[in-house]
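Please consult the sequence and the model alongside the points below.

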Amino acid sequence: MGESSPKIVIVDESPIRAAILEEGLREAGFTGVVHISEMQSLLARIYALDPDVILIDLENPSRDVLEQMFQVSRAVRRPIAMFVDQSDAASIQASVDAGVSAYIVDGLKKERIKPILDLCISRFNAFAKLQDELDRTKSALEDRKVIDRAKGILMKLKGLTEEEAYILLRSTAMREKKKIGEIAQSILTASEMLK
Amino acid sequence: MTIPLRIGFIPLCDAAALIVAVDKGFAAAEGLDVTLVREVSWSNVRDKLNIGLFDAAHLLAPVAIASSLGLGHVKVPIAAPFNLGLNGNAITVSPALHAAIMAEISGDPVDPMATALALARVVAKRRKSGAEPLTFGMTFPFSTHNYQLRFWMAAGGVDPDEDVRLVVLPPPYMVDSLASGHVDAFCVGAPWNSVAVDLGVGHILHFVADILVRAVEKVLAVRQDWSEKNPEVLAALVRAASRAAEFIEQPQNRAEAARILAQPERIGVDAEVVQRTLDGRLKISPDGTVRESSRYLLVGREGATRPDPVQAAWLYAQMVRWGQASISPAALRTAQAVFRPDLYDAALGRDGKLTDAPGAIGAFAGPPFDANDIPGHLAAFAIRRRKS
């Protein structure tokens, strides 16, 4: 293998996350990166590519398929899992938190793996943050719709102005230690039931 | 004071005792505040248990043994004080392979020797005609499914490493893979065999109970060092699981247990499919044929929950037979020490004498298993590997 760029395979069904990771690896100078998104015949594809490092997300059931690599004596090179090295507990914890796991072919030096793994962890975390922001934006939009409908019900039933309806929602939420969206949702549910 | 615990599981019917222990309140009654974490792979369950993210786990019995022996992976000693299930797997084949086996069979299709011999003839014919080898799916290299498939076909003269392909497939992918022709058959736990039959893409050829009368399947696993530091918590967990297992075995509770297990965040399939498994009344063919077995999945009856070191020895013997482990008296002792009837008895206040448990293993082929002479036992089997 020499000192040339190690061959890295990314196994990930999320094309966006894989692209984010691939881009980061290329920027860091790792040129031999291949993304596999199709889980059928996964093992055959990996054997054909013969990578030095395999990165796979922890939400991927095909991690168990990779375990077969430890069994096949016909395989040219035997991979080892990153979790084997218990001396680096912090790095294992960080990768599990980020949701990624690595398989490294025996013989690749530890100091060459560390930058790959660190980069992988930071990109996975960046993706999770993006996803989280997206989810929050979606739920904020959803909340606004619910709050608007609840305001409408209050205005109609209690003869309030829009502002008064909103103040009532907000003060109730504060008193009940709940989110305005939750209070609004319970108004919708109640009005649905009382129809 | 309640003790928080994080426990990993794979959505399968044999996680029943664990799920019911939590959702029916048996764990809370023991002072445990359990968070069940649904996982997608055995690798995740094993790794998260090993590094301490889980306090306990629903685990394949052979993975617990492999972890303690450090086979193919990091060596972390595991203690298994409670069996979550015996049996429960089935071998399902595609309609085409089913027809091919039935065309070759002489004898009763429920007899695994008859089907294994028929499979050998199918394999020979395919080889002669230049067809691709048959592909069998199983769930993990260190799995009961792997050993059960191998035991069955090797008895008929089919070499599982030379004559067919055995591939690991995550259980949720099994049915699709059978439908698409990616595999010709698979061995997996419930509910996946029933799902394949319901979709018309598979026939259940065997219940594992046809192959082995009594086969430990999943265990409640903890790290050995954790078990030593938290003996009282572990005892409480064993009691909660035991109460759940007994609850599930009461016929009047089955429907409720099935509903609990069917919830989307638990197993996430129809309650009716779960209940078929618990009742051992399975539709085995797309034409609606039903087969009943009192031994399909044992959760809490016939002493199923008490760990039996002979079962651990049998699993270790399979690892040796198929070249995953080398044979040594020390390794055998380590494997047997994973199963902890002592912790089970202490937790439940039992004296260790079993009243209703039949003999161990009960394989359909080969001599009766002898844990004290594994080399002698394995010598009786023609097809086997040597560790490379």
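A residue is called buried if 20 or more other C-beta atoms lie within 10 Å of its own, and exposed if 12 or fewer do. The model discussed here is predicted. The briefing turns to a helix of chain A and then to a strand of chain B.

**Helix H7 of chain A**

- Helix H7(A) spans residues 180–193, a run of 14 residues.
- From first C-alpha to last, H7(A) reaches 20 Å, close to the 20 Å expected at 1.5 Å a residue.
- Ile183(A), Ala184(A) and Ile187(A) are the buried residues of H7(A).
- These buried residues line one face of the helix, because they fall within an arc of 100 degrees when H7(A) is seen down its axis.
- An α-helix has 3.6 residues a turn, so residues three or four places apart point the same way.
- Thr189(A), Glu192(A) and Met193(A), on the other side of H7(A), are exposed.

**Burial of strand E3 in chain B**

- Strand E3(B), residues 56–60, is mostly covered, with five of its five residues buried.
- Ala56(B), His58(B) and Leu60(B) point one way from E3(B), while Ala57(B) and Leu59(B) point the other way; all are buried.

**Strand partners of E3(B)**

- Strand E1(B), residues 3–9, pairs with E3(B) in the parallel sense over two bridges.
- Within E3(B), Ala56(B) has Ile7(B) standing opposite.
- Strand E11(B), residues 216–223, pairs with E3(B) in the antiparallel sense over four bridges.
- Lys218(B) in E11(B) stands opposite Leu60(B).

Key: Residues numbered from 1 in each chain as written. Chains lettered and ligands numbered in written order. Predicted model: local features only at pLDDT ≥ 70, side-chain atom pairs only at ≥ 80, totals over all residues. Expected span 1.5 Å × (residues − 1). Arc of directions from axis to C-beta. Pairing = 2+ DSSP bridges.
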